[in-house]
Every structure is written in C-alpha cells, then in structure tokens.
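Please keep the sequence and the structure in view while reading.

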Amino acid sequence: MSKNDRQDYLRLLPSVERVLQEKILQESLAEFPRHLAADAVRDLLARKRMLILNAVAEELQGLKFSSAGLAKEALIAIVEQTLPHLRPVINATGVILHTNLGRSPLAPAAVQALKEIGESFSNLELSLKTGRRSSRYEHIESLLCYLTGAEAALVVNNNAGAVFLSLNSLAAGREVVVSRGELVEVGGSFRISEVMASSGARLIEVGATNKCYLKDYRRAVNGQTALLLKVHTSNYRIMGFTAAVPARLLVKLAAEYNIPCMEDLGSGVLVDLSRFGLPREPMVQESIGAGVDLVTFSGDKLLGGPQAGIIAGKKKYLDRIRENQLLRALRVDKFTLAALEATLRLYCDEAKAMRQIPVLRMLTISRDELLKRAERLSRLLAEQLAGCCQVTISHEHARVGGGALPLTAIPSMQVCLEPLLQNAGLLAAKLRRADPPVIVRVHKNKLLLDLRSVMERQDEMLVKAVLRALDAGGSPEEAGMEQ
Ligand SMILES: *Cc1c(COP(=O)(O)O)cnc(C)c1O
C-alpha cells in the first residue's frame, strides 16, 4: 500500500476540537474539567493514528470513523481514568482467601471501627486514665491474651514481619534449628530461609524432607543455638512416609537448653474448624497450650481481619522483641489496630464470629443455602441472557486459598455461563471491566461464578454487573471504529 493511501485514511480522523464539540462530551464537561476531556480525545486520536500507520491493507479496507463514536470512546476512557485504581471487586473465583484479591474482607464491625477511627482523632498513644503517653500496642494485647491464652502479644505489619522481627530480636548472629520439611515459601516472596538470612540468624536445617525426629533437633543444638523454630507447612503437605516432631516435644527440648521454641502458624485460627466439617487447622490456643514460647500468625488469613502479623507468647521474649528498634519500621497503623480489635472482639462470642466474619461464613455456609442462591441467580440471568449464554448450575469445588488448608476442596455451587457465540475468555475479560469488576473462573469455555466466595449481599450486584457487562453491545474498543 502506498504512503498516500495511508495519508487518506489519516485524513478520515476528525480534529480534537470536532470530537470535543460532540454533545456527549459537552455534557460531560459539567463533571470533568475540559483539559481532561481534551487530553483523552488527543490520546484516543493518537492511538487511532498509530493503528492506521501500523495496519496491513486488509485491516484498513472500508475503515471509517465517526466523531460521535470517538467521543463515546473518549468518554469511557475519561470515566475509567477517574475511577479509583484500587476498587472493590466481586470474588466469584471460589477461592476464599485470594492474596491477589486482598485476602479477607472485613466484618461489618471492623469496617465501622475503621470509619470511626479514620474520621476522628483517637487515643492511639494516649492513656485516657492517666493522660500520659501510652503505647499503641496496648490496645489489643489483653484481648489477644484472653483469646489465645498467651502471657503477652504484639501486632506488627504482617506475619512475615512478625517472623523477621522475632528472629532478629532473639537470634541474630546465632543459630536457629528448623526441620528440612518445613522450609516453606509462601506467595513467591516469603521464604523461611531468606527471612532467616535477612534477620541475621543462621539457619540450621535438620532431618530429611519427609521425616524429622526429636533426635535430629537434639543433635543440632549447641551453645550457639538461639531458638528452635517450627513452621506450619501452610500451603503444602508432605504425605506418605512422614514424621514431624510435635510442638510439645520441641518445647521440652528448648526448655532443657533454656532457649525459646517458636512456631510460625501462618494462618492461625482461633476456632476449631473440624467442628464444621473442615480439616483441622492448628489453633493458636493449642500452640500456646503446648507451651510454645512464641507463636506468629497472620491477621488476614483464616482469622478474617486486616493485614497484620501477630506475635503471642511468653512475656520475657515479647519484652525483648518490643525493645528492637526495627519494631518501628514494622509498626501497625491505627486502622489496622481498629479493624483487628473489632474482629477479635467478635471471637469473644464464637457463634457471632462464625456469623459475622465473612471468611468464616464463606467457609461454613451450607450447600443448601448455596444451591438456593444459585437457583435464584441462574433464573434471573437465564431470562436476560437467552440467545447469548446458556445458564446452568454446576457443582465444582471451591478452595480456601491464601496459603491455608492447601488440600481442602470444599463442595460448592456455581452459576455456569456458557457463551453461545463468544469466547469464554473474552467474556471473563469483559466481566473484569464491569462495575463492580467480577472475577470468575474459566473452565472449558464456560464461566463459573462460584457463590461460596461471593457475599450474599452482593448477589444482586453480581447479576447487575454481569448483565451490564454482557449486554453492553460491543466493547469500548469497538465503539467509534466502524469497519
Ligand atoms: C502466609 C504465611 C506467612 C506470611 O504471612 P503474611 O501475613 O502474608 O506476611 C508466613 N509463614 C507462613 C507459614 C504462612 O503461611
């Protein structure tokens, strides 16, 4: 194709001014400043110009532009730009704790606490009794001690921080003994071995990958040993011919040498999940009860609170951790403390915790309840999507995710959308751009909307978002470019 032909197509593009004059953009100027609209139109026209310059002959055949179409496309870009970048999404993946989706949603009481503390001053570091300066860490220490049975507790930024700070405070320059089978990596960036190295402690691996005995630990302990560490293999299991040393025996060994025994529980739960038909996940109270000197766990895994790392255990060790200057670098803010306190208070009444903490509710909601919701939603969707998708109900399993209960597949229920004409991956992409965005699983050219990870109050929103996204009649890219 000659250069001249391309020039002809470029001439089809209207001017920035011409597009800005379109009614739809003129009306939007009430909401958006003019320079934003002008920038959006300029960017859009530049993209179209590039498209023409890079297109092959067939792609250019019959290419037309309308300024109304371009204005519509520019408006979509403006609206997208002004939306917050971090937004609420509907998690229809069936993975309850999804690190990419922000792990646990908060209970209403925690959200209320965030709001109240956020919009006001607070007694973050002021004792209301004495009027003197106090510590931010005091607000929830006694609550944590009450719930876990520990003598003392401290909250930091996250569990990785809790492990790092504990090791740095108690074992820098000395040795820490860990079983080879417990050297976990979590979520790509947290490896026990590397956290240990950066804390300044020397890792002494003992046992084999699948088997480790008390005698292995005993042989490794010497005058240089600062701590025995047990790590919950939260995101994998070693199966078959295995042996691990229970915490209570490690505690005894550590006591013989007058050194602490620490356990990184990863998720850490405060309720016995086996009572709800789920596999047992080690409870914080059990580790403390077994005499473990320091237990660390996350606030936003199965606990269902905000991102935080909790260190609970013996006072004499927590006092040393509190003195570490690095605590300042890992300290929690008032929002975390507010949301965590409100979440922990729910645990004082277990039935309340099970009802009100979204993660626990999602884990334990019955199949009957899910089926009822799936039937209702599929009916609503089927009516509206006739001719576009076949709507059915499927019974795939959901997952806990977030490095907790790795092997647990929980029976679940999905509304299943099978597109009749389009590709399922494309539809999933449209749903990600819906308002609110809906994140789904795609399986064999079907979209699975798993209701276990969707909050009941979001059911209506889910239907509306799906309908808007699938019914939209062409994606934004197509508008304004007529072939
Ligand atoms: C998840 C996990 C961590 C890291 O916790 P964060 O709160 O994500 O920092 C550390 N150890 C174990 C065993 C874990 O499962």
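By class, how many nonpolar, polar and charged residues does the shell around the ligand have? The shell has 3 nonpolar, 6 polar and 3 charged residues. In this classification Ala, Val, Leu, Ile, Met, Phe, Trp, Tyr, Cys and Pro count as nonpolar, Asp, Glu, Lys and Arg as charged, and the others, Gly among them, as polar.

The model is predicted: local features need pLDDT of at least 70, side-chain atom pairs count only at pLDDT 80 or more, and totals for chains, interfaces and linings use all residues. Residues are numbered from 1 along each chain as its sequence is written, and side-chain values use heavy atoms, with hydrogens and water left out.

**The ligand site**

The residues around the ligand are Arg103, Asn158, Asn159, Ala160, Val186, Phe190, His232, Ser234, Asp264, Gly266, Ser298 and Lys301; a residue is listed if one of its heavy atoms lies within 4 Å of the ligand.

| Side chain | Distance to a ligand oxygen atom |
|---|---|
| Arg103 | 2.9 Å |
| Asn158 | 3.3 Å |
| Lys301 | 2.8 Å |

On its own the ligand has 390 Å² of accessible area, and the protein covers 95% of this. Such areas come from the Shrake-Rupley method with a 1.4 Å probe; for residues, only the protein chains shown count as cover. Helices (H or I, at least four residues) and strands (E, at least two) are DSSP runs, numbered from the N terminus.

Arg103, one of the shell residues, is found in the loop between β3 (95–97) and α7 (108–118). Its phi is near 50°, a positive value in a residue other than glycine.

**Glu281 beside the shell residue His232**

The side chain of Glu281 makes a polar contact of 3.2 Å with the side chain of His232. Glu281 lies in the loop between β10 and α13 (284–289). Is Glu281 buried or exposed? Glu281 counts as buried because its relative accessibility is 2%; buried means under 20% relative accessible area, exposed over 50%, and partly exposed in between (1.4 Å probe, protein chains only). Leaving aside neighbours within four places in sequence, Glu281 is in contact (heavy atoms within 4.5 Å) with residues including Arg237, Ser267 and Leu405.

**The chain as a whole**

The protein chain contains 20 helices and 19 strands. Its C-alpha trace spans about 85 × 50 × 50 Å along the principal axes. Of its 483 residues, 49% count as buried. An automatic or database assignment gives domain 1 (3–82), domain 2 (90–99 + 365–469) and domain 3 (106–356). The centres of domain 1 and domain 3, taken over C-alpha atoms, are separated by 55 Å.

**Two local backbone features**

The peptide bond from Asp435 to Pro436 is cis, with omega near -5°. Pro436 is placed in the loop between α19 (424–432) and β17 (438–443). Lys444, in the loop between β17 and β18 (446–450), has a positive phi of about 50° although it is not a glycine. Lys444 counts as exposed because its relative accessibility is 70%.

Key
Polar contact = N/O pair within 3.5 Å; in protein donor to acceptor, adjacent residues only side chain to side chain.
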